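Visitor: I would like to learn how to read the packing in a model like this. Please show me the structure, then take me through it.

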Amino acid sequence: MDILSALSDDLLLRILSFVPTKDVVATSLLSKRWEGLWTSVSKLSYDDSDHTGDYKNFSQFVYRSLLSNNAPVLDKLHLKLGPDCPFIDVDLWTNIALTRRVRELEIDLFSKEESFNLPNSLYTSETLEILTLISCVLVNVPSSVCLPSLKTLKLDRVDYTDNATLPRLLSGCPNLEVLFLERHVGDETTDSIVVAPSLQRLTMLDTHAGTCGRFMVDVPSLKHLEITDSVAYYDLRRMKNMPVLEKACVWITNTSSGVTQEFLKALTSVHRLSLSLSLSKVMHPSGMTFNQLVHLDLYTLTEGWWGLLICMLLDSPKLRFLRLSNNKLTSESKEIPIGWSPPSSVPECLVYSLEAFVWIGYNGRQDSKMAIYLLKNTACLKTATFSPDSTDLGEKYQMLKVLASVATMSTSSQLLFD
């Protein structure tokens, strides 16, 4: 206690900003100095699961502490609420925060019935910089939206009024830089349309089980992209205008969805790319070159990954690092077919730039054909690392024996075997 007493009020307030509000308020009992200090904490966090007793006590605590707060600026309000919380309380607490010119607002709401309809005042906040909405929240955007300070928007398994809701919301966020979208099984909207000129980071996760419609992304300032399991879209063509994209992760593991040439062409400016796609749905586009690509992660989970790998090698003249992985946490890799044969010409990156490759989940057998091809034809190779799935020492020894016997083009390469 003596150490804390020596600290300045500013430093104590900074420490308290990382503590749940119920514990912050409890510090008022420590001494005379602490009696009113809690009212100046600028970050408030409420979780009704942390409070014992009936909901009425929790509600009274939130109202009392929220209205007693006199920090010059309310930096953050975090509400994590269960099914006992009436929507009228959520609405009032949200409006109090908005009148206090809150900078960061997070609402995580679980309800057994309908979703919570956000107050219209939220869509015209001049100070809101980060907005996170999780679960049973209805995004019902009014005709007029103006969020000039909003930089980060996270919409996690929320509901939308209709297909025009998300585009209308984004149109009122002229300075948005980070957007996270995750859909859920109960989402009745069909389109995902993202048009955001200032956006730099976009994550789209899709657990939607129904039939989806249009998928359009127009983000000229985007630098980082992640799309995972957008499997229900019948049209993935409308992906364009990403000239400064640096890093992308695309996981589309359902072979029934269509991934077109236009989709992949939108990614050609990337420096680092992670792919899990089925080549059976991607015709090899002529004239598509990944001129800036230096790091490729390719997952061996989908049918035809070996064909996609060859296409990417042929189209990536500056590739320096290659990583193949079966991502052991999800499923086993697809094995290269018996009739597979290497391309007639050696990819330029193997001759001039590739320095290292890693193969996680290497199983020998048919995979050895691809491994031998890479070892034989990579002139600048420094290290080749193989991590097999098998735990059988005899089987692993045979794998190593086959790989070690390959006459590599690079005289300085090292073979590493886990």
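**Reading the packing**

Guide: Start with leucine 225, which touches Leu202, Met239, Met242, Leu245, Lys247, Ala248, Cys249 and Leu267, leaving out residues up to four places away in sequence. Contact means heavy atoms within 4.5 Å. This is a predicted model: local features need pLDDT of at least 70, side-chain atom pairs count only at pLDDT 80 or more, and totals for chains, interfaces and linings use all residues. Residues are numbered from 1 along each chain as its sequence is written, and side-chain values use heavy atoms, with hydrogens and water left out.

Visitor: Which residues have the most contacts inside the largest nonpolar core?

Guide: In soluble globular proteins, nonpolar side chains tend to be buried together. Here the largest nonpolar core has 104 residues, and those with the most contacts inside it are Leu155, Leu169, Leu225, Met239, Leu267 and Leu273. Helix H8 (residues 305-314) gives the largest share of this core, seven residues. Such a core is a set of buried Ala, Val, Leu, Ile, Met, Phe, Trp, Tyr and Cys residues joined through side-chain atoms within 4.5 Å. Buried means under 20% relative accessible area (1.4 Å probe, protein chains only). Helices (H or I, at least four residues) and strands (E, at least two) are DSSP runs, numbered from the N terminus.

Visitor: How do I read two packed helices?

Guide: Two packed helices are described by the angle between their axes and the distance between the axes. The axes of H8 and H10 come within 12 Å and cross at roughly 15°. That makes H8 roughly parallel to H10 (angles under 35 degrees count as such). Axes are lines fitted to C-alpha atoms, for helices over the stretch in contact, and angles run from 0 to 180 degrees between N-to-C directions. Trp305, Trp306, Leu309, Ile310 and Leu313 of H8 meet Asp367, Met370, Tyr373 and Leu374 of H10.

Visitor: Why is helix H10 largely enclosed?

Guide: Eight of the eleven residues of H10 (residues 367-377) are buried, so the rest of the structure largely encloses this helix. Its cover includes H8, strand E18 (321-325) and helix H11 (393-404).

Visitor: And strands: which sense of pairing do E3 and E5 show?

Guide: Strands of a sheet pair through backbone hydrogen bonds, either parallel or antiparallel. Strand E3 (residues 104-109) and E5 are parallel, over six bridges. Two strands pair if DSSP finds at least two bridges between them. Leucine 105 has leucine 131 in E5 as its bridge partner. E5 also pairs in the parallel sense with strand E7 (residues 152-156), over five bridges.

Notes. Buried < 20%, exposed > 50% of the residue type's maximum accessible area, 1.4 Å probe, protein only. Parallel < 35°, antiparallel > 145°, perpendicular 65-115°, else oblique.
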